[in-house]
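Colleague: I've got a model open and I'd like to learn how to read it. Can you walk me through it?

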Amino acid sequence: MNSTETMVADNLRCLQQGLRLLTEIGDALYRGEAHSHLGSGIGPHLRHTLDHYASLLAGLPSGKIDYDARERNPRLERDREFARQQFEHVIAGLQQLTAPPDLPLTVKVDSGSHDDDANWSRSTLKREMQNLVSHTIHHYAIIAILLRAQGWEPGEEFGVAPSTLNYRKSLPACAP
């Protein structure tokens with residue numbers, strides 16, 4: 001596998017986890033209807049991660065990724081079927097990605113500065129793909145907490161970084 005295929009595969013694994021989750025949970029759990037006291041529900045976190053992937057895919061042709069210009073479609077937060085379709089759309093977009101990992105990009109993330117130019121940084125496609133994996137896993141970890149608080153187990157690998165999973169596998173098994 002070349003570098004582009006590897007970085008795409010890493011992101012696809014994350015996205016497939018989210019897609020699998022959407023097929024396993026019900027609408028009420030997705031929307032967090034029964035537990036609104038928990039704050040942000042599962043839907044907003046999945047919408048947020050999809051928005052970041054959509055920002056990357058939308059900005060690639062120009063080489064300018066503006067993570068602040070996300071769509072933030074509230075339908076994604078409430079409609080599991082629509083969210084599933086958006087996951088599949090993003091997955092298809094990544095599967096078609098052929099750009100080299102060292103493709104230079106200019107990236108914007110609002111850091112609170114009032115100087116718009118200060119919010120743009122130089123990056124590469126590989127770095128942004130690495131960031132998307134980390135960002136997605138971070139939100140999946142929050143989703144896992146929300147699900148467990150509602151009595152639903154997402155699985156021990158959901159929301160856990162690959163490096164942590166590898167570390168856990170390297171530990172000797174505990175004897176009873």
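**Reading the sheet**

Modeller: Start with the open sheet, which has 3 strands in the order E1-E2-E3, with mixed pairing. Strands (E, at least two residues) and helices (H or I, at least four) are DSSP runs, numbered from the N terminus. Strand E1 (64–66) and strand E3 (120–124) are at the edges with a single partner strand each, so one side of each has no neighbour in the sheet. On average, neighbouring strands here are turned by 30° against each other, direction ignored.

Modeller: A word on the source: this is a predicted model, where local features need pLDDT of at least 70 and side-chain atom pairs count only at pLDDT 80 or more, while totals for chains, interfaces and linings use all residues. Residues are numbered from 1 along each chain as its sequence is written, and side-chain values use heavy atoms, with hydrogens and water left out.

Colleague: Which helix lies across E2 and E3?

Modeller: That's helix H6 (residues 125–149), running at about 100° to E3. Angles run from 0 to 180 degrees between N-to-C directions, and axes are lines fitted to C-alpha atoms, for helices over the stretch in contact.

Colleague: How do I read a helix crossing? Which way do H1 and H5 run against each other, parallel or antiparallel?

Modeller: Check the angle: under 35 degrees counts as roughly parallel, over 145 as roughly antiparallel, 65 to 115 as roughly perpendicular and the rest as oblique. The axes of H1 and H5 come within 10 Å and cross at roughly 165°, which makes H1 roughly antiparallel to H5. Contact means heavy atoms within 4.5 Å; among the residues making it are Val8, Leu12 and Leu15 of H1 and Phe87, Ile91 and Leu94 of H5.

Colleague: And H3 with H5, at what angle do they cross?

Modeller: Roughly 30°, with the axes coming within 10 Å, so H3 and H5 are roughly parallel. Leu46, Leu50, Tyr53 and Leu57 in H3 meet several H5 residues, including Ala83, Val90 and Leu94.

**Core and single residues**

Colleague: Which residues have the most contacts inside the largest nonpolar core?

Modeller: A nonpolar core is a set of buried Ala, Val, Leu, Ile, Met, Phe, Trp, Tyr and Cys residues joined through side-chain atoms within 4.5 Å. The largest one has 40 residues, and Ile42, Leu94, Leu125 and Met129 have the most contacts inside it. H6 gives the most to this core, with 9 residues. Beyond its neighbours within four places in sequence, Leu94 is in contact with residues including Val8, Tyr53 and Met129.

Colleague: Is Ser55 buried or exposed?

Modeller: Buried means under 20% relative accessible area, exposed over 50% and partly exposed in between (1.4 Å probe, protein chains only). Ser55, in helix H3 (residues 42–59), has 9% relative accessibility and so counts as buried. Leaving aside neighbours within four places in sequence, Ser55 is in contact with Ile65, Asp66, Tyr67 and Arg70.

Notes. Two strands pair if DSSP finds at least two bridges between them.
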